[in-house]
Amino acid sequence: GVSKRFLILSTANLLLHVKHNTNKSKNPTTYLSAPGNQEKRNWLRKTCFPKIRDACLEFNTTTTTTKFSNTSNSDIHPHHEWQSGWGTSCDLRFFIGHPNDPSATSKRQNHKQGALATKIEIELAQSLQNESDQFGDIQMLPMRDSYQELPDKTLSILRHGLLLQNNNSNNGGGGAAESILKIDDDRCPNMTKVLSIASTTPRNVARYVGSYRWKGTEYASMKGADGSIDPYMSGPGYLVSRALAHAVAVDDINHSVLYMPYGSSSEDVDMGKWFAHANRTHPELKFVCEVVPGLIKHHEVPDSPEKKR
C-alpha cells in the first residue's frame, strides 16, 4: 500500500508519520528547544502535547472516506481522498544542543587542551539530564546551542526525520517521516491542517508550506552574505515534505552546511534559499510553495529566568 508518514520540528520540534497500513506508524514530534527553556517545555507537555495526541487519536478513528479540500493544493493531488485504514501515533521530542555559555566563547578560541565547562554549562547539563530522565522526550544534538547554530540544528533535525527508524513497540513502529513541521516553542500546530497537508503530499513533491511568506525584500537583514534575496516562510512555523528535506539535508548537504557565502544565521531565511537552490538543481521533483493561514497558533508561554541559547 501507499505509505504516508509525517514529522514536525522547531525551537520546539514535532515529528509525526502518517502511514496507510493496518499498523499505526510512529509520529515523532520534535520541538527545537534551548537548554534553559524548561518552563516552555513543561507548558508544551501540559497544554499543547495532549491536543496533538488527541488529534492523532481522532485521526486513527477515521473509518469513512473523507475529502480534504481546504488545505490541499489541487495541483498536487486534485482528487485526493483520505481512506479509512490510515494510522498515526505520536512520539514527542525536544531537540536541544548542549549548553553554551557565551561568556566562555573568547576563552575557547585559545584552544586550551582540557578546557572545562563553565559553572552555568555544568548546571544546565545536569538539569537537562534530570529532565531527560524524568520525561524521556529530549534528544540532545552534538553541537553548542546558540542562535548562530540554528541552520545546522535545523539540518540535523531534517536528517533525523529522514533517517529515523523506530523499533519501540510501545510507540507503534514506523520509519522515516514524510513531512517535517518546524515550529517554535511558543506555538502549537493546527493538527487538522497539518494532517491534511501531510496526507496529501506525493513522494515526488518538494512541498514548502507556511502560515506567512516573506518576499525577502522587506528588511536588509533578509539578504544573504552575497546580497541575494529569496522568498521564505516565516520562522515560527513551516512544513517541509520528505522530498524537499532529502534534497536539502542529504543530496545538497554540502551546499546547505556551507551557507556562509549566500546565507546567514537566520535558519528560516536559509530554508528559503535552500528551497530555491533545490528547485534549480532537482528537475526530477515538483516544487510547490504555498501559504496556509492558521497552520500554527501563538501562545503566551513563560520564559525560564535562566534561559540560555
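Helix α4 crosses helix α6 in a left-handed sense. The model is a predicted one. Helix α4 spans residues 150-163 and α6 spans residues 242-251.

**α4 against α6**

- The two helices pack at an angle of about 125°, and their axes lie 9 Å apart.
- Angles from 65 to 115 degrees count as roughly perpendicular and those over 145 as roughly antiparallel, so α4 and α6 are classed as oblique to each other.
- On the α4 side, the contact is made by L155, L158, R159 and L162.
- On the α6 side, R242, A245, H246, V248, A249 and V250 take part.
- By class, the residues of this contact are 7 nonpolar, 1 polar and 2 charged.

**α4 against α8**

- The crossing of α4 and α8 is right-handed, whereas that of α4 and α6 is left-handed.
- From α4, the contact takes in L150, P151, T154, L155 and L158.
- From α8, the contributing residues are E267, D270, M271 and W274.
- The contact of α4 with α8 comprises 6 nonpolar, 1 polar and 2 charged residues.

**Largest pocket**

- The largest pocket holds about 280 Å³ of space.
- It is lined by 13 residues, of which A104, R108, A115, L116 and A117 are the closest to the pocket centre.
- The lining of the largest pocket divides into 5 nonpolar, 3 polar and 5 charged residues.

**Largest cavity**

- Searching the whole structure gives 1 cavity of 30 Å³ or more.
- The space in the largest cavity is about 40 Å³.
- Its lining consists of E178, S179, T201, P202, R203, V205, S241, R242 and A243.
- The lining of the largest cavity has 3 nonpolar, 3 polar and 3 charged residues.

Notes. Residues numbered from 1 in each chain as written. Predicted model: local features only at pLDDT ≥ 70, side-chain atom pairs only at ≥ 80, totals over all residues. Heavy atoms only, no water. Axes fitted to C-alpha atoms, helices over the stretch in contact; angles between N-to-C directions. Helix = DSSP H or I, 4+ residues; strand = E, 2+ residues; numbered from the N terminus. Parallel < 35°, antiparallel > 145°, perpendicular 65-115°, else oblique. Left-handed = near helix turned anticlockwise from the far one by under 90°. Contact = heavy atoms within 4.5 Å. Nonpolar A, V, L, I, M, F, W, Y, C, P; charged D, E, K, R; others polar. 1 Å grid on protein atoms, 1.4 Å probe; cavity = no way out; pocket = protein on both sides within 12 Å on 5 of 7 lines; lining within 4 Å. Points joined across faces, edges and corners; volume = space filled by probe spheres on them.
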